[in-house]
Amino acid sequence: MAILENISSPDNIKLLKKEELPQLARELRDKIIQTVSRNGGHLASGLGVVDLTVALHYVFDVEKDKFIWDVGHQSYAHKILTGRKDTFDTLRQYKGISGFPKISESKYDSFGAGHASTSISAGLGFAVARDIRKQDYKVVSIIGDGSMTGGLAFEGLQNAGTLSKDMLVILNDNQMFISQKVGILAGYFANLLTATGVNRIEETILKFASKLKFLSFKSIKKIVRRFKTILFPGIMFEEMGFSYVGPIDGHNINQLIDILTKVKDIKGPVLLHVVTKKGKGYKPAEENPTKFHGIGPFDIETGKTVSLKKVTYTEVFSKAIVKLAKDDEKIVAITAAMPDGTGLKEFSKQYPKRFFDVGIDEAHAVTFAAALAAGGLKPVVAIYSTFMQRALDNIIHDVALQNLPVVMMLDRAGIVGEDGPTHHGAFDLSYLKYVPNLTIMAPANETEFQDMFNTALTLKTPSVIRYPRGGGTRVASFHRKFELLEIGKSKLERQGKDACIVCLGNVWKICVEVVDNLKNKGIECALLNMRFLKPFDETAIRDILTYTDKIVTVEENSLIGAMGETVKSVLPGTSAKIYSIGLPDKFIEHGNQNLVRELCGISAENIEKQVLNLLNKNPSSNVLMSE
């Protein structure tokens, strides 16, 4: 890598000749592809924005200017160019480089981002802080067209237009949303806009028109505005107070440098519309950008990934909803820009009129579902646990308060692994437990998962099912008749008089292993699978004291506010000795799922150790999660 190997800091880029920059972009793409092929990660989006990243670093001074990457999976090239080239091979590995911008990782990461549509609001915040403190730096927010579908992006736009602060918003349009108009004509308009300003053109025409006697000023203004709408596709942004520039080719580095040089000193908010190709430079990613948006390790030559042997919970849900929807035309499915990730792709093919992808707008998805339920349908909202946090207010006010039968499927609950703290579903049990009218379930295995989903669809009240990323314990039968579960009823999986493990969700398989290991050591340990956090089976918890007073609770959620606390609230003032295992009161770093679980004490070894501690048979244990 003749050029990249000499780039050790952002300043080195400015020393390059313009004709060397395309080669730098190629080398960046090669390094990103090589690293992601080994570690997994977000590939297609990062490849598409490489040329823009090079141009940004060439024009702006990243030592003081603020680059704010929306979502963050666009930032791989930025990381390499800002002193992290030699550690980039640790991407998404434990104690390695994060897959997203992280202010604690580098001074060049101005603002962290794991969820979408935040960059414009954050950029405006920096611009206001700069002006209040009388500082001098540029603010650049880079947002993908998918992220622009989020309501927060438009909230940021309207406020930025109102405050009229100097800031640049770059809309990275990978041709999956706003506009595909790019080429010589579009480039001409972009240069025209930067040279004179569309507002100046409009003012000149209106001033001339006001002298005409045969047309009213109002009529002329309407004609001019319609003319602008045809010529300038960014009229919507201009109406919100932005100077719109573009669209321009996001892979023409020289043109990007020219336009960026011109727009960076324009006063007020500016929106630069850049058209890119997702997966640019790697044919498999260009041909299948959805697959390579977020991907595990793969073979570079073929683009093929290592297939999972276990059926995932997502796949189980996918087959279950298709099966149940065949006999129930009231079932409709909603997702927020994640039809593949949530397993609804097949449903969308078989029942296109009953499938709704609302874009990256989780709050709207939930309220939309509430009205669908009020209209007599059976809406199923499939959203990742961490993203559902954004819709908490909608769950409370629009679903739970009105007691509407919306089924909320929370995929990726618990530890998700390499995507880290922005993506771990660590809080859903805690933040949903306190919402009235909700039925909250967590399956121990895939078979139980099918029955829970089937049960949820029969309820006349709202329900939540949370389930983990990846596979469980067994391949679920898709031909069996799904059963109905008794709401709020736990299941005593194993009996024992020495101690009892109380578990909720996917930690069940680890707890079974612990009970078997203890039995081999002559210790009889009961295992209670709670299945429901709400309503909670308090009777089953009190019954534990009829055979033992030693209890270990296990869950893959923050211990604050979740099942462990609930168990203790049922047994106040008793002889019960309770030890709770779960996630600590901190943001969990990225790393392999099983490794992170072990570090949090969610392992067979630690659970067994805590049972032995309660029995005074293994005194000495101090793990991350001890309570």
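Biologist: How many bridges join strand S2 to strand S3, and in which sense do the two strands run?

Modeller: The model is a predicted one. Strand S2, residues 139–144, is joined to strand S3, residues 167–173, by five bridges, and the two run parallel. Within this pair, Ile 143 stands opposite Leu 171 of S3.

The pair belongs to an open sheet of five strands, whose order is S1-S2-S3-S5-S4 and whose pairing is parallel. At its edges are strand S1 (66–69) and strand S4 (243–249), each of which pairs on one side only. On average, neighbouring strands of the sheet are turned by 20° against each other, direction ignored. Helix H12, formed by residues 253–263, lies across S3, S4 and strand S5 (269–275), and it runs at about 170° to S4.

Five strands form it in the order S12-S14-S13-S16-S17, with mixed pairing. Strand S12 (491–494) and strand S17 (577–583) are its edge strands, each pairing on one side only. The twist from one strand to the next averages 25°. In this sheet, strand S13 (residues 499–503) and strand S14 (residues 525–529) pair in the parallel sense over five bridges, and Asn 529 in S14 is the bridge partner of Cys 503.

Two helices lie across strands of this sheet. Helix H21 (residues 508–520) lies across S12, S13, S14 and strand S16 (550–558), at about 165° to S14. Helix H23 (residues 563–570) lies across S13, S16 and S17, at about 145° to S16.

Technical notes. Residues are numbered from 1 along each chain as its sequence is written. This is a predicted model: local features need pLDDT of at least 70, side-chain atom pairs count only at pLDDT 80 or more; totals for chains, interfaces and linings use all residues. Side-chain values use heavy atoms; hydrogens and water are left out. Two strands pair if DSSP finds at least two bridges between them. Helices (H or I, at least four residues) and strands (E, at least two) are DSSP runs, numbered from the N terminus. Axes are lines fitted to C-alpha atoms, for helices over the stretch in contact, and angles run from 0 to 180 degrees between N-to-C directions. Contact means heavy atoms within 4.5 Å.
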